[in-house]
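Me: I would like to go through this model and ask what stands behind each label. Please set the values against the cut-offs.

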Amino acid sequence: MTTEYKPRPFERDEDIRAIGTGLLARTLPREAWTHEAHLGACLWLVSERPDIDIDAEIATIISRYNESVGGVNDDHGGYHDSITRAYVAGVRLFLSETAETGLAARVNAMLLSDVGRRDWPLRFYSRALLFSVPARRGFVEPDLAPFPQA
């Protein structure tokens, strides 16, 4: 039986900023690195950290964080480049379309949107390609549809 995913909303802008700064500093507790935290940190990075080139740095940021909490980035776990790039595209698209202003309000609205769904990357990738080793280790172009442009 499949149950509908219900995201856990953020109460305060500061909670999202703490996740983002914890990610960058590699001090975020591993159990706090949830789906919602991934998307919140991504939106924060894209919208509030213009000093960080997300396209050039996101793989290193997440990979180093994973290692700092005892994770391994290999063929079977850890950083997944194609999923991350799909969500970065989704965050940019969402930001281009939303009227929400506060950080928590934007993140919460995104979590409730199509972009926030855990299966959102599967709109662009077949399951076989998305969960392949090449797609994990580096960016692989989608095989079902291109990412929407912001």
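Me: What makes the link between the side chains of Asp 114 and Arg 123 a polar contact?

Reply: This is a predicted model. In it the side chains of Asp 114 and Arg 123 come to 3.4 Å. The cut-off for a pair of N or O atoms is within 3.5 Å, so the pair is called a polar contact.

Me: Where does Asp 114 lie, and what does it touch?

Reply: Asp 114 is in the loop between helix 5 and helix 6. Leaving out residues up to four places away in sequence, Asp 114 touches Trp 120 and Arg 123.

Me: Why is Asp 114 called partly exposed?

Reply: The relative accessibility of Asp 114 is 44%. Buried means under 20% and exposed means over 50%, so Asp 114 falls in between and counts as partly exposed.

Me: How do you know whether His 80 is buried or exposed?

Reply: His 80 has a relative accessible area of 7%. The limit for buried is under 20%, so His 80 is buried. His 80 is found in the loop between helix 3 and helix 4.

Me: What does His 80 reach and touch?

Reply: The side chain of His 80 reaches the backbone nitrogen of Ile 83 at 3.2 Å. Not counting residues up to four places away in sequence, His 80 touches Leu 130, Phe 131, Ala 135 and Arg 136.

Me: How do you know that the span of helix 4 is close to the expected one?

Reply: Helix 4 runs over residues 81-97 and reaches 25 Å from its first C-alpha to its last. At 1.5 Å a residue, 24 Å is expected, and the span of helix 4 is close to that.

Me: What makes helix 5 mostly covered?

Reply: Seven of the 10 residues of helix 5 are buried. They are Leu 103, Ala 104, Arg 106, Val 107, Asn 108, Met 110 and Leu 111. The cover over these buried residues includes helix 1, helix 2 and helix 4.

Me: Why is the pair of Arg 8 and Glu 36 called a salt bridge?

Reply: The closest N and O atoms of Arg 8 and Glu 36 are 2.7 Å apart. The cut-off is within 4 Å, so the pair is a salt bridge. Arg 8 lies in the segment before helix 1 and Glu 36 in helix 2, so the pair ties together parts that are 28 residues apart in sequence.

Me: Which of these two partners is buried, and which is partly exposed?

Reply: Glu 36 is buried, with a relative accessible area of 1%. Arg 8 is partly exposed, with a relative accessible area of 49%.

Me: What makes Arg 137 and Asp 75 a link between parts of the chain?

Reply: Arg 137 and Asp 75 form a salt bridge, with the closest N and O atoms 2.8 Å apart. Arg 137 lies in helix 7 and Asp 75 in the loop between helix 3 and helix 4, so the pair ties together parts that are 62 residues apart in sequence. Asp 75 is partly exposed, with a relative accessible area of 35%.

Me: How many salt bridges come out by this rule?

Reply: The count comes to 10. One of them joins the side chains of Asp 119 and Arg 117, at 3.0 Å from N to O. Salt bridges that share partners also join Arg 17, Glu 48 and Arg 106 into one network.

Me: Which residues lie nearest the centre of the largest pocket?

Reply: His 35, His 38, His 80, Ile 83 and Thr 84 lie nearest its centre, out of 33 lining residues. Helix 2, helix 3, helix 4 and helix 6 each give two or more residues to the lining. The largest share, six residues, comes from helix 2. The space in this pocket is about 690 Å³.

How values were computed: Residues numbered from 1 in each chain as written. Predicted model: local features only at pLDDT ≥ 70, side-chain atom pairs only at ≥ 80, totals over all residues. Heavy atoms only, no water. Helix = DSSP H or I, 4+ residues; strand = E, 2+ residues; numbered from the N terminus. Expected span 1.5 Å × (residues − 1). Buried < 20%, exposed > 50% of the residue type's maximum accessible area, 1.4 Å probe, protein only. Polar contact = N/O pair within 3.5 Å; in protein donor to acceptor, adjacent residues only side chain to side chain. Contact = heavy atoms within 4.5 Å. 1 Å grid on protein atoms, 1.4 Å probe; cavity = no way out; pocket = protein on both sides within 12 Å on 5 of 7 lines; lining within 4 Å. Points joined across faces, edges and corners; volume = space filled by probe spheres on them.
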